Amino acid sequence: FAGVGLALKPHFLLLWFMIEGYLAFVKRIRFSWRRLENVAIGIILGSYGAFVLIMMPEYWKEVLPFVFRFYGAYNSDIFYLLQHPYMKLWAVTIFAFMVVRPTADSKEFRRVVLLSSTSFLVMAFAQRKGFYYHFYPTAAASVLLLVIISLDATETLSPMRRVIGSRKQLPVLVVVLALLAVAGTKLVT
């Protein structure tokens, strides 16, 4: 399914490359590109590209030139994109990421979600349209990361430990924090 999704939305390849790069260079996982899931994604992408090339030659000859000719007319100014509300949400998330120390359990997860949020933001900027749905993946990943960071912050504040109570209440707290963060994002936008 990841191969099909990447074939339909190829700009998400950046996220795949970033995550695999993280595994290869930061985590020092040798041959991470040779894992079965990556091979399967590569086969699906290659098959999809070959199918389109062979079975739909008019796509390459007519549709793509037409799209490239007119799609750029909807480009937004870079300063407009920098002022996007979801860009501000991402900046707040980066600040919180740097300020709040992670717990041992969340350290890697926080890094991967931050990497995802940043990759989504780069993709939104690369599209240069400024449409809200281009920034939505950044917003969703940023909200998730803010929830994780909030939970990390509660680990260091003893009064919050009493509010959280047992581990069984933790999923409820995560859902409530996520809903509040989404509601706050909607108010900002």
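Modeller: Helices here are DSSP runs of H or I with at least four residues, and strands are runs of E with at least two, numbered from the N terminus. The model is a predicted one, in which local features need pLDDT of at least 70 and side-chain atom pairs count only at pLDDT 80 or more, while totals for chains, interfaces and linings use all residues. Residues are numbered from 1 along each chain as its sequence is written, and side-chain values use heavy atoms, with hydrogens and water left out.

Alanine 2 belongs to helix H1 and is partly exposed at 43% relative accessibility (buried is under 20% relative accessible area, exposed over 50%, partly exposed in between, with a 1.4 Å probe and protein chains only). Its C-alpha lies 8.8 Å from that of glutamate 37, although 35 residues separate alanine 2 and glutamate 37 in sequence.

Helix H2, residues 13-26, spans 19 Å between its first and last C-alpha over 14 residues, close to the expected 20 Å (1.5 Å times one less than the number of residues). Its buried residues are Leu15, Trp16, Glu20, Gly21, Tyr22 and Leu23, and their cover includes helix H1 (2-8), helix H3 (36-55) and helix H7 (107-127). Just after H2, arginine 28 adopts a positive phi of about 55°.

H7 also packs on H6, at an angle of about 155° and with the axes 11 Å apart (axes are lines fitted to C-alpha atoms, for helices over the stretch in contact, and angles run from 0 to 180 degrees between N-to-C directions). H6 is therefore roughly antiparallel to H7, a description used for angles over 145 degrees. In this contact, with heavy atoms within 4.5 Å, H6 contributes residues including Trp90, Ile94 and Phe97, and H7 residues including Arg111, Leu114 and Leu121.

Threonine 93 also sits in H6, which covers residues 85-99, and is buried at a relative accessible area of 1%. A polar atom of the side chain of threonine 93 lies 2.8 Å from the backbone oxygen of leucine 89. Leaving aside residues up to four places away in sequence, threonine 93 touches Ser142, Leu145, Leu146 and Ile149.

Arginine 128, in the loop between H7 and helix H8 (132-156), has a positive phi of about 60° although it is not a glycine. Most residues other than glycine have a negative phi. Arginine 128 is partly exposed, with a relative accessible area of 36%.

Technical notes. A polar contact is a pair of N or O atoms within 3.5 Å; within protein, one must be able to donate a hydrogen and the other to accept it, and residues adjacent in sequence count only if both atoms are side-chain atoms. Angles under 35 degrees count as roughly parallel, over 145 as roughly antiparallel, 65 to 115 as roughly perpendicular and the rest as oblique.
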